[in-house]
Amino acid sequence: MQFETISEFIDMNGHGLYVWVSYGLGIAIIIGNIVLPLFTRKELIKNLARRMRRENKTQ
Amino acid sequence: MAVSKWIPRWFYQLASPRWCYDITGKLLPVFLVAAALLLLVGLVWALAFAPPDYQQGNSFRIMYIHVPSAILAQSCYMLMAVAGAVGLIWKIKVADMVAFACAPIGASIAVMALATGAIWGKPTWGSWWVWDARLTSMLILLFLYLGVMALYAAMDNETMAAKAASVLSLVGLVNIPIIKYSVEWWNTLHQPATFSLTEKPSMPIEMWLPLLVMVLGFYCFFAVSLMLRLRNEIIRRERRSGWVRELITSR
């Protein structure tokens, strides 16, 4: 461990803001790239299922 | 198709959307666990345990997400161009879908590389941005991704869109060696390559080992995101085929 205390870890010798903003952005982009396709999949399957039900009714 | 005994069976099977859907379904959990573990270990290691740089202090910890994202943004571009070429030459639908899935991931990762680079540049160089060869060629990479995405969005005909996007990504491939050698060809503020296959790393092992973990984690994360998008695209384009209809009704 390179830091003695939590506040030292957060401060990063004055570079805290730069480091944490970078990591926050990185983590947000990674999570977004996993969550967004999962959400798209849910919508896609819902829409396809609705369309198939409609087709079955008209037949 | 005559199956040559020199080319393994799975190579032909890759061209089948259904087979691709099934195999990625099996691979997804493996890569998801690997990505989560590697990124978690890498993050803790990079933030708390790696030694600070003797000149840059703790701001150098940004490297652990800047370098992996820059490497991944370029690898993703190469995959997109190769997949586009395969789709263009052999008319393989799955290859077109892979290229299509690469573009948004690559664009967001290029944004990550540029943004973390800018944030790192401020305390290190004293400036968010300089019009230097490495930074400019990286910005062009982002614009190439956006151009490919715009082409897909502008064309309704999927085959035509895939053709146009593949040609653009193949032309843009010339940018990749420019990014790589920009730090050698032009005078620059940017430091030279962090990793090289032929030389020993310029950093001590306790600095580059967490970086290696992060790079591997980023690749696994990319595999997960790519497979998720690819599977969505397979379902969307194959929605009229029997197996997708079965898949939808069985849920």
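Tutor: A salt bridge here is a side-chain nitrogen of Lys or Arg within 4 Å of a carboxyl oxygen of Asp or Glu. Keep that in mind as we read this predicted model.

Student: Glad to. How many salt bridges does that rule give over all chains?

Tutor: The count comes to six. One of them pairs Arg236(B) with Glu158(B), with the closest N and O atoms 3.4 Å apart.

Student: Which parts of chain B does that pair tie together?

Tutor: Arg236(B) sits in helix α8 and Glu158(B) in helix α6 (residues 158-172), so the pair ties together parts that are 78 residues apart in sequence.

Student: Are these two residues buried, exposed or partly exposed?

Tutor: Buried means under 20% relative accessible area and exposed means over 50%, with partly exposed in between. Arg236(B), at 30%, is therefore partly exposed, and Glu158(B), at 34%, is partly exposed as well.

Student: Which residues are linked in a network of salt bridges?

Tutor: Glu158(B), Glu233(B), Arg236(B) and Arg237(B) are.

Student: Now the interface. How many salt bridges are there between chain B and chain A?

Tutor: There is one. It joins Arg245(B) to Glu55(A), at 2.7 Å from N to O. Glu55(A) belongs to helix α2 (residues 16-58) of chain A and Arg245(B) to helix α9 of chain B, so this pair joins two chains. With relative accessibilities of 29% for Glu55(A) and 26% for Arg245(B), both residues are partly exposed.

Student: What else describes the contact between chain B and chain A?

Tutor: Chain B contributes 42 residues and chain A 31. Together they bury about 3300 Å², of which 71% is on carbon and sulfur atoms. Nine residue pairs are in polar contact across the interface, both residues being at pLDDT 80 or more. On the side of chain B that touches chain A, α8(B) gives the most, with ten residues. By class, that side has 26 nonpolar, eight polar and eight charged residues.

Student: And what does UniProt annotate on chain A?

Tutor: The unreviewed entry marks residues 20-40 as "transmembrane region". In the model this span is 100% helix, and its end C-alpha atoms lie 30 Å apart.

How values were computed: Residues numbered from 1 in each chain as written. Chains lettered and ligands numbered in written order. Predicted model: local features only at pLDDT ≥ 70, side-chain atom pairs only at ≥ 80, totals over all residues. Heavy atoms only, no water. Contact = heavy atoms within 4.5 Å. Buried area = accessible area lost by both parts, 1.4 Å probe. Polar contact = N/O pair within 3.5 Å; in protein donor to acceptor, adjacent residues only side chain to side chain. Helix = DSSP H or I, 4+ residues; strand = E, 2+ residues; numbered from the N terminus. Nonpolar A, V, L, I, M, F, W, Y, C, P; charged D, E, K, R; others polar. UniProt positions renumbered as here; feature names shortened; annotations may be inferred. Buried < 20%, exposed > 50% of the residue type's maximum accessible area, 1.4 Å probe, protein only.
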